[in-house]
Amino acid sequence: ATNEWTWMKGGPGSVASYGTKGVASVANNPIGRTENSCGWTDRSGNLWFFGGQIQADLSNDMWKYDPLINQWTWMGGGFTAAVYGTKGVSHPLNLPGVRAPYCKWTDQSGNFWMFGGLIGLGIAELYNDMWKYDPTIFEWTWMGGKENGTSYFGTKCVPDKANFPSGRMENRACWTDLCGNFWFFGGASRGIAGDPMNDLWKYDPVLNIWTWISGDDIPN
């Protein structure tokens with residue numbers, strides 16, 4: 001409205017403070033990071049992000065920011081191992097592994113979704129797992145795929161339960177269409193942004209089915 005910026009919080013050299021999980025505080029502040037594909041906005045207008053690169057490490061912490069009170073809340077995770085649990089079943093202990101940078105969407109019910117990402121710095125392994133997060137109960141659900149999981153492109157434009165994109169990172173071109181389907185294009189099929197892809201995928205979050213739409217099933 002005024003075409004002016006306002007510094008709201010944090011800054012160079014600011015001290016990170018996780019505080020108590022699930023409790024907002026004026027003292028809370030995430031660690032500075034890069035390569036986190038932030039983020040999501042919930043139906044109450046809160047801002048969320050997951051993971052990213054923190055110096056020489058990758059993280060899997062989830063944060064919520066309330067712009068009305070200018071406070072952060074640490075919602076879980078940190079630098080811990082993944083807990084997949086049972087596919088399709090949410091649980092308070094479920095947690096995606098550390099990663100950056102991934103693609104993400106919000107479904108028509110307000111749930112947050114995330115696909116893929118880089119597992120660790122300096123290695124060539126990528127995730128192709130799909131996760132759903134319910135911001136009303138603060139629980140993750142593993143929906144399919146896994147660390148360096150198997151891909152299957154199938155037939156173009158034909159949805160199939162067996163279809164699954166290959167692991168990748170930097171596929172930030174992602175959209176949600178008017179019918180609530182998720183889309184993404186391309187990305188890197190090898191760690192540290194190597195071997196770019198040009199494939200286009202559609203995902204139906206209701207049926208949990210991928211469809212390869214166009215592009216190639218090999219990199220470069």
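Modeller: Happy to. Let me begin with strand 10 (residues 182-190) and strand 11 (residues 194-204), which pair in the antiparallel sense over seven bridges. Please keep in mind that this is a predicted model. Within that pairing, phenylalanine 185 faces leucine 200 of strand 11.

Strand 11 also has a partner in strand 12 (residues 209-214): five bridges join the two, and they run antiparallel. Here aspartate 204 is found opposite isoleucine 209 of strand 12. The hairpin of strand 11 and strand 12 has four residues between the strands, and asparagine 208 in that hairpin takes a positive phi near 55°.

Now to the aromatic rings. One aromatic cluster takes in Phe182, Phe184, Trp201, Tyr203, Trp210 and Trp212, and its members also include Trp105, Trp113, Phe115, Phe153 and Phe164.

Phe115 from that cluster leads us to another part of the fold. Phenylalanine 115 stands opposite methionine 130 in strand 7. Strand 6 (residues 112-118) and strand 7 (residues 126-134) are joined by six bridges in the antiparallel sense. Both belong to an open sheet of four strands, ordered 5-6-7-8, with antiparallel pairing. At its edges are strand 5 (103-106) and strand 8 (139-144), each of which pairs on one side only. From one strand to the next, the twist averages 20°.

Is serine 166 buried or exposed? Serine 166 has 14% relative accessibility, so it counts as buried, the cut-off for buried being under 20%.

Arginine 99 has its charged end over the ring of tyrosine 127, 4.0 Å from the ring centre. For lysine 146, the charged end sits over the ring of tyrosine 84, at 4.8 Å from its centre.

Four strands make it up in the order 1-2-3-4, and their pairing is antiparallel. Strand 1 (40-41) and strand 4 (71-76) each have a single partner strand, so one side of each lacks a neighbour in the sheet. Strand 1 is joined by two bridges to strand 2 (residues 47-54), and the two run antiparallel. Threonine 41 has leucine 47 of strand 2 as its bridge partner.

To finish, back to ring geometry. A pair of aromatic rings is described by how far apart the centres are and by the angle of the planes. The count comes to 28 aromatic pairs. One worked case is tyrosine 65 with tryptophan 72: the ring centres are 5.0 Å apart and the planes lie at 55°, so this pair is tilted. The reasoning needs two cut-offs, as planes under 30 degrees apart would count as stacked and those over 60 as edge-to-face. Tyrosine 65 and tryptophan 72 are both buried.

Methods
Residues numbered from 1 in each chain as written. Predicted model: local features only at pLDDT ≥ 70, side-chain atom pairs only at ≥ 80, totals over all residues. Heavy atoms only, no water. Phe/Tyr/Trp six-rings, centres within 6.5 Å; stacked < 30°, edge-to-face > 60°. Buried < 20%, exposed > 50% of the residue type's maximum accessible area, 1.4 Å probe, protein only. Lys NZ or Arg CZ within 6 Å of the ring centre and 35° of its normal. Pairing = 2+ DSSP bridges. Axes fitted to C-alpha atoms, helices over the stretch in contact; angles between N-to-C directions.
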